Amino acid sequence: MNFKDAQKDMNFSYFAGAPGVLVSGLVWCIAAFVALLYSNQLSMLVLFFGGMFIHPLAVLLSKTLKRPGNHKPNNPLGKLALESTIILFVGLFLAFYVAKLHVEWFYPIMLMTIGVRYLIFNTLYGVKTYWLLGALLIFSGMLCILLEASFIIGAVIGGITELAFALVILNQSKSKVLTVE
């Protein structure tokens, strides 16, 4: 499978990743809501455990949208998708550790971590919009730290940004006629 065919397969199979971005945005929003009503610690746990459901729910949503929800077994980009999740584990470790010292930095660190991972998604799906999404999340995380934003602000930014971009990416993917051989 050549590179362009691998991207087309990933793009078609997972609706360009839009369902994952949508579910992730919802997890961020739920985490923000939990921070507002309960506690910062519970909010961080919601993001952590909710994050575990992003991929399975995104696959289910892809299938609901009449896409396969899985790529071809010989697609080499499938490995990159899996390998890039290591970025999340490193970011989570840093965010949880730093939160012990400065709780307001948990979400900014996660914004930057997830932003870095989204930069890879252009390679996975062939959708340059992920560069903008990644850069925006990274920049937002940096601003939250520099401007000493309150704890909940990063979660709200993450949720709103991902929900908006999920709609953009979904629309872009629907407007393209993708044929996978």
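Good morning. I begin with two helices: the axes of helix H3 (residues 40–51) and helix H7 (residues 106–125) come within 11 Å and cross at roughly 20°. Here axes are lines fitted to C-alpha atoms, for helices over the stretch in contact, and angles run from 0 to 180 degrees between N-to-C directions. Helices are DSSP runs (H or I, at least four residues) numbered from the N terminus.

The model is predicted: local features need pLDDT of at least 70, and side-chain atom pairs count only at pLDDT 80 or more, while totals for chains, interfaces and linings use all residues. Residues are numbered from 1 along each chain as its sequence is written, and side-chain values use heavy atoms, with hydrogens and water left out.

To return to the pair, H3 and H7 are therefore roughly parallel to each other. Angles under 35 degrees count as roughly parallel, over 145 as roughly antiparallel, 65 to 115 as roughly perpendicular and the rest as oblique. The crossing of H3 and H7 is left-handed; that is, the near helix is turned anticlockwise from the far one by less than a right angle, whereas clockwise would be right-handed. In this contact (heavy atoms within 4.5 Å), Ser-43, Met-44 and Leu-47 of H3 meet Phe-106, Tyr-107 and Met-110 of H7. By class, these residues are five nonpolar, one polar and no charged. Ala, Val, Leu, Ile, Met, Phe, Trp, Tyr, Cys and Pro count as nonpolar, Asp, Glu, Lys and Arg as charged, and the others, Gly among them, as polar.

Next, a second pair. The axes of H2 and helix H4 (residues 54–64) come within 8 Å and cross at roughly 130°, and H2 and H4 are therefore oblique to each other. Their crossing is right-handed. On the H2 side the contact includes Pro-19, Leu-22 and Val-27, and on the H4 side Ile-54, Leu-57 and Leu-61 are among the residues involved. The contact of H2 with H4 has eight nonpolar, three polar and no charged residues.

Which residues touch the most other members of the largest nonpolar core? They are Phe-106 and Tyr-130, in a core of 43 residues. Such a core is a set of buried Ala, Val, Leu, Ile, Met, Phe, Trp, Tyr and Cys residues joined through side-chain atoms within 4.5 Å. Among the elements that give two or more residues to this core are helix H1 (3–13), helix H2 (18–37) and helix H8 (129–146). H7 gives the most, with 10 residues. Leaving aside neighbours within four places in sequence, the contacts of Tyr-130 include Ala-16, Val-21, Tyr-118, Phe-121 and Ile-169.

Finally, two residues with accessible surface. Leu-45 is found in helix H3 and is partly exposed, with a relative accessible area of 39%. Phe-93 lies in helix H6 and, at 59% relative accessibility, counts as exposed. Buried means under 20% relative accessible area, exposed over 50%, and partly exposed in between (1.4 Å probe, protein chains only). Phe-93 and Leu-45 are 48 residues apart in sequence and 13 Å apart in space, C-alpha to C-alpha. Thank you.
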